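Here is a short briefing on one protein chain. Look through the sequence and the fold, then read the points below.

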Amino acid sequence: MLQQFMRLQLYAGLGFFAFAMVALGTPLGNNATWIACLIMVAIGLWIELGKSFQDPD
């Protein structure tokens, strides 16, 4: 349970960082790079949260 919470915090941090890079217009990459990072973070969150809500058989 703690590991899952830590992974969710990691995804939140990565998402915030990528969004900040898009919003600030950083020279560390173009917007497409950071938007792709946001998409990958969203997919990771989807998978992680999908594991939480599985029905126990």
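Predicted model: local features only at pLDDT ≥ 70, side-chain atom pairs only at ≥ 80, totals over all residues.

**Overall make-up**
- The protein has two helices and zero strands.
- Of its 57 residues, 18% are buried.

**Helix 1**
- Helix 1 covers residues 2-24, which is 23 residues.
- At 1.5 Å a residue, helix 1 should span 33 Å; its end C-alpha atoms are 33 Å apart, so the two values agree.
- The buried residues of helix 1 are Gln4, Gly15, Ala18, Ala20 and Met21.
- Ala20, in helix 1, has a relative accessible area of 17% and is therefore buried, as the cut-off is under 20%.
- Gly25 follows helix 1 and has a positive phi, near 65 degrees.

- Helix 2 spans residues 31-52 and includes Ile43.
- Ile43 belongs to a nonpolar surface patch with Ile35, Ile39 and Ile47.
- Together, these four residues have about 360 Å² of accessible area.
- An α-helix has 3.6 residues a turn, so residues three or four places apart point the same way.

**A cross-chain distance check**
- Ala20 and Trp34 are 14 residues apart along the chain.
- The C-alpha atoms of Ala20 and Trp34 are separated by 9.1 Å.

How values were computed: Residues numbered from 1 in each chain as written. Heavy atoms only, no water. Patch = residues over 30% accessible without salt bridge, like charges linked within 9 Å, V, L, I, M, F, W, Y side chains within 5 Å. Areas by Shrake-Rupley, 256 points an atom, 1.4 Å probe, with all protein chains shown as cover. Salt bridge = Lys/Arg side-chain N within 4 Å of Asp/Glu carboxyl O. Helix = DSSP H or I, 4+ residues; strand = E, 2+ residues; numbered from the N terminus. Buried < 20%, exposed > 50% of the residue type's maximum accessible area, 1.4 Å probe, protein only. Expected span 1.5 Å × (residues − 1).
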